[in-house]
Amino acid sequence: MKAQLKLGIPKGSLEEATIALFDKAGWKIHKHVRNYFPDINDPELTARLCRVQEIPEYIQNGILDVALTGKDWLEERGVSYGGKEDSDAPVVVISDLVYSKVSNRKARWVLAVAGDSPYQCAADLEGKRISTELVGVSRRYFEEKGVPVQINYSWGATEAKVVEGLADAIVEVTETETTIRAHGLRVIDEVMASNTVLIANRDVWNDPESRRKIEQIDLLLQGALRAESLVCLKMNAPTARLDAILALLPALNSPTVAALRDPAWVSLETVVDTHVVRDLIPQLHELGAEGILEYSLNKVI
């Protein structure tokens, strides 16, 4: 039996989204109530739940072979990482995996202050108290700007620290800024942008058999992510209106057109972005398309 790769699944805010993504990609991960070692339906993999902040060091030290984490935590933990061919770095970034329950936007760590405060930029915070979970990155941010500040680690509820008078500003992660604004805060700068990445231990990546498995994981995860923003449309279209209908239809390459028994009609199939479907289907119907079917996709490779 081949050696099993040790797969790290981020525990916490990314946990359910990651498990759902693996499910779409073809891997069923079943968690247990009392331990951190879920079952996975692949004899070539073993899975374990780990805090996303600790995963970079586990990969670097060989405790995990391949895992998902955030670029922010690679930076925060000071782990040396590089691309697939960068042989000096102990951690290799296989690919970006931009996904979220909310949107396909990257997460941003921002510097925020009270909405009614006089602070307009980082320089205005000289000597002030900054609360954040991302201490190392925040410290380097202020050092690069030459602004001395007092940075305190936040154990949670970071947005409330300014409201409670425990900090003058925070560095916090956000996608939409909704929670930040809900606490009466105002963003004055972006400290860094981040997203989920698939990473591997360099020694494991350099092994041909392990690389084959990691590349399989990457290919199918990327395919599952791509499918989240696409749907398939299938319909019957009058031959006389075919050119007008084709002009409306975007596709990954070109719509599939198949002849039907009745030469006055053809069958059309195409893949389109979900955001255009609402307006596209009525237009297709007006041009005479019938039997329009919309269905979701698991993977698009």
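This is a predicted model: local features need pLDDT of at least 70, side-chain atom pairs count only at pLDDT 80 or more; totals for chains, interfaces and linings use all residues.

Analyst: Residues are numbered from 1 along each chain as its sequence is written, and side-chain values use heavy atoms, with hydrogens and water left out.

User: How many salt bridges does a search of the whole structure find?

Analyst: Side chains of opposite charge can pair when their charged atoms come close. A salt bridge here is a side-chain nitrogen of Lys or Arg within 4 Å of a carboxyl oxygen of Asp or Glu. Over the whole structure, the number of salt bridges found is 16.

User: Is Glu15, which pairs with Lys11, buried or exposed?

Analyst: The closest N and O atoms of Glu15 and Lys11 are 3.8 Å apart, and the two form a salt bridge. With a 1.4 Å probe and protein chains only, buried means under 20% relative accessible area, exposed over 50%, and partly exposed in between. Lys11, at 33%, is partly exposed. Glu15 has a relative accessible area of 8%, so the term for it is buried.

User: Which helix holds Lys71, the partner of Asp96?

Analyst: Asp96 and Lys71 meet through their side chains in a salt bridge of 3.5 Å, N to O. Helices (H or I, at least four residues) and strands (E, at least two) are DSSP runs, numbered from the N terminus. The pair links distant parts of the chain, 25 residues apart: Asp96 is in strand S7 (residues 91-97), and Lys71 is in helix H3 (residues 71-76).

User: How many residues apart in sequence are the parts that Asp189 and Lys145 tie together?

Analyst: A salt bridge joins Asp189 to Lys145, with 3.9 Å between the closest N and O atoms. Asp189 is partly exposed at 26% relative accessible area, and Lys145 is partly exposed at 44%. Because Asp189 lies in strand S12 (residues 185-194) and Lys145 in helix H4 (residues 135-145), the separation of the parts they tie together is 44 residues.

User: Which residues are linked in a network of salt bridges?

Analyst: Salt bridges also join into a network. Its members are Asp42, Glu44, Glu209, Arg212 and Lys213.

User: What is the count of disulfides?

Analyst: A disulfide is a pair of cysteine sulfur atoms within 2.5 Å. Cys50 is buried at 9% relative accessible area, and Cys232 is buried at 4%. By the distance rule, the disulfide count is 0.
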